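This report goes through a protein model chain by chain. Please look at the sequence and the structure before reading on.

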Amino acid sequence: MSAGHHHQLYRPGDTPVHRLPPQCKLAAVAVFALTVVATPREWFAAFAAYALLLAGVILLAKVPPGFVLRRMAIEIPFVLFALAIPFVGTGERISLAGLPLSLPGLWAAWNILAKATLGVVASILLAATTEPRMVLLGAQRLRLPPLMVQIAMFMLRYMDVILDEMRRMRVARESRGFAARDVRHIPVVARSAGALFIRSYERGERVHLAMLSRGYTGSMPVIHDVTASARQWLVAGTLPGAALAVLLGTVLLGTGGW
Amino acid sequence: MTASLEVDRLAYAYPDGTQALFGVDLRIERGERVALLGPNGAGKTTLVMHLNGILTAGHGTVTVAGLPVTKGSLKEIRRRVGLVFQDPDDQLFMPTVREDVAFGPANMGIRGEELDQRVKLALERVGMLEAIDRPPHHLSFGQRRRVAVATVLAMEPEILVLDEPSSNLDPASRRELAEILRSLDVTVLMVTHDLPYALELCERSLILSGGVIAADGPTREILADAELLAAHRLELPYGFRAT
Amino acid sequence: MHVPDGFFTAAVSISAGAVAAAGTAVCLRGARRELDDRTAPMAGLVAAFVFAVQMLNFPVAAGTSGHLLGGALAAILVGPYTAVLCMAVVLLVQGFFFADGGLTALGVNITLMGLVTVLVGWGVFRLITRGLNGRAAITAASFVAALVSVPASALAFTLLFWVGGTAPIEIGTVAAAMGGVHALIGIGEGLITAVTVATVLAARPDLVYGARGLAAPLVLRGADGDVAVVPERAEAPAARGVRGVRPFLLAGVGVTLVLAGVVSFFASGDPDGLEKVGEDQGFLAQATDHAFGEWALADYGDVGGIPVGVTGVVGVGITLIVAGAVGRAARRRDREAVQESGQKSGREDATV
């Protein structure tokens, strides 16, 4: 199978962030996201602190900021949605540069943008510093049900095949002067989808049968174990720990808003 | 003495109702080398999938060295039946030859020094020990097929099942593989279209056609029966005579 | 439709998380029956495929674009339990790897795009194929199932937004926007699902879970040309379906009710979500008075702007219950017919 799509997410490196066991990173990102979402939207300082923490990780992992920015494009649909809220929102209106905007709408837009952006950047960093198959190993360590790990593993394997075939079929379509532009083109896209499915399946099926024939029962035999030391957990805990400290600190000092 | 492989009245239909096997009977004794011949769509692959329990019999039984294939015996069955697929690229999926050959025994729970020994022994038997740390896709096609055989040998199978072992091999690789297969001390079932290769390696042949065994006998006699071959869409290469 | 972090209140996120976790747990148990050695990679492929079609944004009306959901397709190809797992895996991977959909909103996303689409899609599919059989019926059922599943998911989104969205937008606006766009996406989803199922059915019918009812009795051919029919198969795959579907439908109804009930229970005590919308709409008193969903729904029926989404979701629930009831009745009749005619064992297989 060809060098694929998900390698665009992963940026090989040898930094302390890359070296952390995957399960530590998964847990750290999840706790960080929870902390961010639990923060009341008025606490601007806390959000600034979270952003600084992520910036620190970006520096430490030597991930180019441009790379993070490009990958953030995934957020665009919701940015558009958030930007529309002040206009269509209800409640008290204020006038800003001659535009009547909804005050609760502005708060809501800020809330969604700030929290979503922090979550998105954290996920991008996880994917950029951890190989997909390592993430799966980490998920297995975190007790994700084996059946789901297995589905995810096949999914990652098939993703290469599918995206590869998709590209090839699109080239074939477009070289004959076809581009999907509106609803009337759905049948063409649909027919390619069916063909894509069969082609991908048959390419992956034989590999799986070969694996089964050699005693594969659903999980890769772990020859080199990925155990995390207490120290590694501590290192990984720095990000969510610091975020939690910011949150709790703000609560205790009662100095949330400016 | 129990047979290496015994198939009794095996019938199978795919879940949508398409039936592929209509009552297959066969018996292969320990140490035999048998060729399974048949036209495309005869059910050869479907039959092979039953031998190690990838497909579950709709009717009838499969027994490997006295052990019936059931849900409960799958682990042991898959150790006993070594399946070598037609395309070595399907069989080799790990980053290095060493990891690939270790995959089977590791699934059986073997670790450490013993695992290492098994891997080396299997590669030695196919003459590929020097490639142990190379990525499979850097090897030639013939070498990859030999590594594919090693991945199965590492599980120390009772019976080796090969799907089209000679396809896409140049004459030298073809001869090398034949020598390796002859040197192995295991029962061999070889699924093939390559009639001369069957004649060279197997004293006995079966013809699977229309989902049943249509002929069973010494390879030499079967290949000499032009009518039988024609009835099942099998052809000897031009100018080749079995007798 | 991937909900990001901070879009819903904590209460809604947590309740949806509980629903998603419970649903996934049920499906993990159920999937063991559906999955065997050969279908495990199929589940992976379906997940990858759903992932791919979700990236396939296609234009719907005036400058907006939407993406397919794939829940109905997954259910028809690998069975409902496994389909939920596939959707959950897709959303997990999207959340962790691709930053698509917030991590704290995973529960919401799994509930909306996994549970709701699969439940509705599979329910509709079974309802149609129960009465009709053959490849054309399966294709047509796939179309309708997918067509319905997308707006159903959009309506579920609207319900969640109503009980705990953080943005102060009138529920009517949300319902109209989500409903409209997703009705159109539903058509696209229906077409793609039907064509995909038809293509797979033509090339590899053995890969379509929803087509298991087509199985026929085995035939044995003797060496001398005699032909015998194997009377009864040890384990007819569709017979497993009979056992598998009823608890699944029950679970579906359960999930829908829990969603409606628990979520509004939480939300009613939460100052950030419903209350905010409530204040704006001037019906705060009612909202806090009636903690449980069904009550609240009855009340809101005549408040302007609200009923579209709400009644839709209630409609989905009712549809499911009716589907279950009709199904039970139909099966009972079938069973009686089978007992009468004595022989027709294939019939029941084909119906559920």
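How many of the 26 residues of helix 5 of chain C are buried? The answer is 24, and the helix is mostly covered.

## About the model

The model is predicted; local features need pLDDT of at least 70 and side-chain atom pairs count only at pLDDT 80 or more, while totals for chains, interfaces and linings use all residues. Residues are numbered from 1 along each chain as its sequence is written, and chains are lettered from A and ligands numbered from 1 in the order in which they are written.

Helix 5 of chain C covers residues 106-131. Helices (H or I, at least four residues) and strands (E, at least two) are DSSP runs, numbered from the N terminus. From first C-alpha to last, helix 5 of chain C reaches 37 Å, close to the 38 Å expected at 1.5 Å a residue; the expected span is 1.5 Å times one less than the number of residues.

C:Phe125 is located in this helix. C:Phe125 counts as buried because it has 26 C-beta neighbours inside 10 Å. A residue is buried if 20 or more other C-beta atoms, placed from the backbone, lie within 10 Å of its own, exposed if 12 or fewer, and partly exposed in between. Leaving aside neighbours within four places in sequence, the contacts of C:Phe125 include C:Ala72, C:Ala75 and C:Gly210. Two residues are in contact if their C-beta atoms, placed from the backbone, lie within 7 Å. C:Ala75 is 50 residues away along the chain, and its C-alpha atom is 9.1 Å from that of C:Phe125.

## Chain B: a sheet of six strands

Chain B has an open sheet of six strands in the order 6-7-8-3-9-10, with mixed pairing. Strands pair if DSSP finds at least two bridges between them. The edge strands, each pairing on one side only, are strand 6 (81-84) and strand 10 (212-218) of chain B. Strand 3 (residues 33-37) and strand 9 (residues 204-209) of chain B pair in the parallel sense over four bridges. In this pair, B:Leu36 stands opposite B:Leu206.

Helix 1 (residues 44-51) of chain B packs on the sheet, and its direction makes about 155 degrees with that of strand 7 of chain B. Axes are lines fitted to C-alpha atoms, for helices over the stretch in contact, and angles run from 0 to 180 degrees between N-to-C directions.

## Chain A: overall make-up

Chain A has eleven helices and two strands. Of its 258 residues, 43% count as buried.
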